[in-house]
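User: I'd like to learn how to read a structure like this one, feature by feature. Could you walk me through it?
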Amino acid sequence: MSVSNNVAVGNSVLDQYQLDSERQPKNDELGKDQFLELLVAQMNNQDPLSPQENGEFIAQLAQFSTVEGIENMNTSMEALLSGYQSSQALQASSMVGRTVIVPSDQAMVDTANGLEGQFALPKNSGAVTVKVLDSSGSLVDTINMGSLEAGMHDFTWDGQDSSGNILPPGAYTFEATAAIDGTSKQLATLLPANVDSVSLGAGDNGELLLNVAGLGSISLSNVYAIK
């Protein structure tokens, strides 16, 4: 008799476990509501002659708490991500039309206003120059900086060629070199660029990309300064 009774009880419990398709979570995943429903069904249909051990019940409650905790954590992470994306969008809107300083040797120059740039000098040098080349690669001017100590230095180009003629606006290349330890070394330059637009989440790991005039897309992390 006891065997027959246990089988009947077991079938009843299995029937209780067959959840309606309308209540099943997406992708057949077991959510906290379904887990709790199963737990209640198991308690209601347990064999009174062989009730569930307290340890098993506590373990199932712990599992339920874990499932609920994971769902709450996912909700919090989604809210955090949404807030970060909103912050990125706000930051992006304020960047359009601004001038940023980026590592580059090329820049779009309005020659009527000239250009201000920077270069990094790793060691003291007795001869530092900045050559200006037009879009065809022709040398149009040379800026002699003289002797300088190691560090960051500013330079200015007035938009004129070596004869004092105003050049047309457009793309120009700036090659900074220095005599260091008896050899000519190419120096890294920082030049201004205008932000035309931004792309949200288009970079690596969803990073904000700036679309700047004459340079294309650069990541926000590569921006040295914002004017």
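This is a predicted model: local features need pLDDT of at least 70, side-chain atom pairs count only at pLDDT 80 or more; totals for chains, interfaces and linings use all residues.

User: Is threonine 111 buried or exposed?

Analyst: The general idea is a cut-off: a residue counts as buried when its relative accessible area is under 20%. Threonine 111 has a relative accessible area of 3%, so it is buried.

User: Which residues does threonine 111 touch, leaving out those up to four places away in sequence?

Analyst: Contacts show what surrounds a residue. Here the list is Trp157, Asp158, Gly159, Ile166, Leu167, Pro168, Pro169 and Tyr172.

User: Let's move on to S3. How do its side chains alternate?

Analyst: For a strand, look at which face each side chain points to. In S3, Leu115, Gly117, Phe119 and Leu121 point to one face and are buried.

User: In what sense do S3 and strand S6 pair, and over how many bridges?

Analyst: To read a pairing, check its sense and its bridges. S3 and S6 (residues 151–157) pair in the antiparallel sense over seven bridges, and alanine 120 stands opposite methionine 152 in S6. S3 also pairs with strand S9 (residues 189–199), again in the antiparallel sense, over two bridges. There, phenylalanine 119 has threonine 189 of S9 as its bridge partner.

User: How many salt bridges does a search of the whole structure find?

Analyst: A salt bridge is judged by a distance: a side-chain nitrogen of Lys or Arg must be within 4 Å of a carboxyl oxygen of Asp or Glu. The search finds one. It joins aspartate 181 and lysine 123, whose closest N and O atoms are 3.1 Å apart. The pair links distant parts of the chain, 58 residues apart: aspartate 181 is in the loop between strand S7 (170–180) and strand S8 (183–187), while lysine 123 is in the loop between strand S3 (115–121) and strand S4 (125–133).

User: How accessible are aspartate 181 and lysine 123?

Analyst: Aspartate 181 is exposed, at a relative accessible area of 63%. Lysine 123 is partly exposed, at 44%.

User: What do the polar contacts of aspartate 134 look like?

Analyst: Aspartate 134 sits in the loop between S4 and strand S5 (139–148). Its side chain has a polar contact of 2.7 Å with the side chain of serine 136, and reaches the backbone nitrogen of serine 138 at 2.9 Å. Leaving aside residues up to four places away in sequence, aspartate 134 touches Val140, Ala171 and Tyr172.

User: Which residues form a nonpolar patch on the surface?

Analyst: Ile70, Met73, Met77 and Leu80 do, with about 420 Å² of accessible area together. Leucine 80 belongs to helix H3 (residues 54–95) and is exposed, with a relative accessible area of 57%.

User: Finally, how do I read the protein chain as a whole?

Analyst: Start with an inventory: the chain has three helices and 12 strands. Of its 227 residues, 30% are buried. Then look at contacts between residues at least 6 apart in sequence: 62% of them join residues at least 24 apart. The accessible surface comes to about 14100 Å², and carbon and sulfur atoms account for 51% of that.

Methods:
Residues are numbered from 1 along each chain as its sequence is written. Side-chain values use heavy atoms; hydrogens and water are left out. Patches are made of residues with over 30% relative accessible area and no salt bridge: like charges are joined within 9 Å, nonpolar side chains (Val, Leu, Ile, Met, Phe, Trp, Tyr) within 5 Å. Accessible areas come from the Shrake-Rupley method with a 1.4 Å probe; for residues, only the protein chains shown count as cover. Helices (H or I, at least four residues) and strands (E, at least two) are DSSP runs, numbered from the N terminus. Buried means under 20% relative accessible area, exposed over 50%, partly exposed in between (1.4 Å probe, protein chains only). Contact means heavy atoms within 4.5 Å. Two strands pair if DSSP finds at least two bridges between them. A polar contact is a pair of N or O atoms within 3.5 Å; within protein, one must be able to donate a hydrogen and the other to accept it, and residues adjacent in sequence count only if both atoms are side-chain atoms.
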